[in-house]
Amino acid sequence: MKDIIMQAAIENADARDAVVDPSLIPYRTLHSGAKIPGIGLGTFGSDHVSHDAVAGAVRYAVAIGYRHFDCASVYGNEARIGEVFGRMFQNGLRRDQVWITSKLWNDKHGENDVIPACEKSLSGLQVDYLDLYLVHWPFPNHHPPGCDVSARNLHAVPYIHENYMRTWRKMEELVDRGLVRNIGTSNMTIPKMQLLLRDARIKPVVNEMELHPHFQQPEFFRYLLERGIQPIGYSPLGSPARPERDRTPEDTSPTEDPVIREIAKRRGEHPAVVCIKWAIQRGQIPIPFSTNPRNMLSNLQTAVSEPLSADDMKAIEGIDRNCRLIKGQVFLWKDNQSWEDLWDVNGVITPA
Ligand SMILES: NC(=O)c1ccc[n+]([C@@H]2O[C@H](COP(=O)([O-])OP(=O)(O)OC[C@H]3O[C@@H](n4cnc5c(N)ncnc54)[C@H](OP(=O)(O)O)[C@@H]3O)[C@@H](O)[C@H]2O)c1
């Protein structure tokens with residue numbers, strides 16, 4: 001049924017009749033001067049949403065007014081999404097009307113790999129520049145998509161700052177060459193960011209990180225804002241459809257939190273809408289994933305409809321549970337480690 005509704009929505013989608021006027025969506029200005037739409041569409045279908053379905057969602061999203069797309073080579077669907085962009089550009093959508101992000105995957109951190117990896121994303125997405133290119137994880141530890149959390153790369157290593165800087169120099173070169181307009185990081189921590197800010201010629205404009213009402217990362221969030229780095233919040237709804245292998249008994253769900261549900265009920269909105277509103281008003285850029293036309297539209301409308309009250313914002317600030325859902329276990333580099341070792345929870349980079 002869902003597929004039929006989606007198909008009908010896609011067939012009727014037309015970039016000329018955006019339901020939400022993109023000019024009303026709040027933009028944020030990055031320290032490079034670039035203006036980025038304050039909400040985007042995630043494109044990670046994980047192992048349950050096909051590449052075609054994600055590409056269809058992108059097409060529908062452009063038609064209803066989304067102008068920001070969070071892509072990555074590891075999602076495996078850039079070529080499909082590129083076909084959509086290619087067709088839409090032919091039909092009149094201008095390249096400068098959409099913000100396109102992609103990410104360097106962990107097996108491409110090598111000095112000779114960064115530029116070809118970016119070029120592959122560019123050709124897949126059918127564009128000649130990216131608005132933003134991120135280092136997806138600060139670890140070069142590749143693992144195959146869909147593997148179990150217990151899987152380990154035999155050659156896995158901890159964070160080695162000199163190596164990360166070699167990768168970053170190539171990211172800077174991508175800007176110099178005009179292949180990407182902005183560069184940023186993802187899944188960083190304060191101690192790693194301190195080193196990068198010390199040594200970077202071009203500072204990251206954003207850090208993409210898990211952010212939702214049950215995982216607010218207040219200290220890191222403040223740290224970034226104070227340094228002019230824009231947080232982009234992934235899994236803004238608590239990634240309710242993530243695979244079983246990525247769940248632990250301690251995980252909680254922000255959309256089921258009684259405070260979120262009470263606010264949603266009072267306002268006659270879905271709890272997901274409350275989570276996204278909170279994200280935008282707090283100052284991060286949420287990138288909710290959806291392939292359901294109704295959800296996609298209601299998520300986008302949060303950016304232009306009645307904001308949450310100051311009291312509601314305060315109440316949501318109070319429900320942080322420090323509950324990280326995307327733990328990254330597959331990036332661990334030796335036996336008997338805890339996933340917390342990836343996140344420098346003691347304020348220093350976890351030693352090798
Ligand atoms: N940088 C990184 O390392 C990293 C890591 C994880 C994710 N990301 C990015 O962040 C994006 C979003 O994260 P995510 O996919 O983990 O989780 P999410 O956006 O928190 O959750 C997506 C799920 O919520 C459902 N949903 C969306 N809107 C809804 C609504 N209004 N009402 C009810 N349900 C709704 C979707 O189902 P329907 O399709 O049925 O709407 C989908 O199953 C990813 O797609 C990816 O682009 C980046």
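Axes are lines fitted to C-alpha atoms, for helices over the stretch in contact. The legends below describe close-up views of a predicted model.

**Figure 1. The packing of helix α4 against helix α5 in the predicted model.** Helix α4 covers residues 114–125, and helix α5 covers residues 161–176. Their axes come within 9 Å and cross at roughly 50°. Angles of 65 to 115 degrees count as roughly perpendicular and those under 35 degrees as roughly parallel; α4 and α5 are therefore oblique to each other. The crossing of these two helices is right-handed. On the α4 side, the residues that meet the partner helix are V114, I115 and C118. On the α5 side they are T167, K170, M171, E173 and L174. By class, this contact has 5 nonpolar, 1 polar and 2 charged residues.

**Figure 2. The packing of helix α2 against helix α3.** Two packed helices are described by the angle between their axes and the distance between the axes. For helix α2 (residues 51–64) and helix α3 (residues 78–90), the angle is about 30° and the axes are 8 Å apart. Because angles under 35 degrees count as roughly parallel, α2 and α3 are roughly parallel to each other. Helix α2 passes α3 in a right-handed crossing. Helix α2 contributes H51, D52, V54, A55, V58, R59 and V62 to the contact, while α3 contributes R80, I81, E83, V84 and M88. The residues of this contact divide into 7 nonpolar, 1 polar and 4 charged.

**Figure 3. The shell of residues around the ligand.** In the model, 29 residues surround the ligand. The closest are G42, S239, A241, F289 and S290. Helix α10, which spans residues 293–301, supplies the largest share of this shell, with 3 residues. By class, the shell is made up of 15 polar, 11 nonpolar and 3 charged residues.

Figure 4. With 17 other C-beta atoms within 10 Å, S253 is partly exposed. S253 and L237 are separated by 16 residues in sequence, and their C-alpha atoms are 8.0 Å apart in space. When residues up to four places away in sequence are not counted, S253 touches G238 and P240.

Figure 5. Although P307 and I280 are 27 residues apart along the chain, their C-alpha atoms are separated by 9.3 Å. Leaving aside neighbours within four places in sequence, P307 is in contact with K277 and Q281.

**Figure 6. The position of T29 in strand β1.** Strand β1 comprises residues 27–29, and T29 is part of this strand. T29 and V205 are 176 residues apart in sequence, and the distance between their C-alpha atoms is 9.7 Å.

Conventions: Residues are numbered from 1 along each chain as its sequence is written. This is a predicted model: local features need pLDDT of at least 70, side-chain atom pairs count only at pLDDT 80 or more; totals for chains, interfaces and linings use all residues. A residue is near a molecule or strand if its C-beta atom, placed from the backbone, lies within 6 Å of it. Helices (H or I, at least four residues) and strands (E, at least two) are DSSP runs, numbered from the N terminus. Ala, Val, Leu, Ile, Met, Phe, Trp, Tyr, Cys and Pro count as nonpolar, Asp, Glu, Lys and Arg as charged, and the others, Gly among them, as polar. Axes are lines fitted to C-alpha atoms, for helices over the stretch in contact, and angles run from 0 to 180 degrees between N-to-C directions. Angles under 35 degrees count as roughly parallel, over 145 as roughly antiparallel, 65 to 115 as roughly perpendicular and the rest as oblique. A crossing is left-handed if the near helix is turned anticlockwise from the far one by less than a right angle, and right-handed if clockwise. Two residues are in contact if their C-beta atoms, placed from the backbone, lie within 7 Å. A residue is buried if 20 or more other C-beta atoms lie within 10 Å of its own, exposed if 12 or fewer, and partly exposed in between; C-beta atoms are placed from the backbone.
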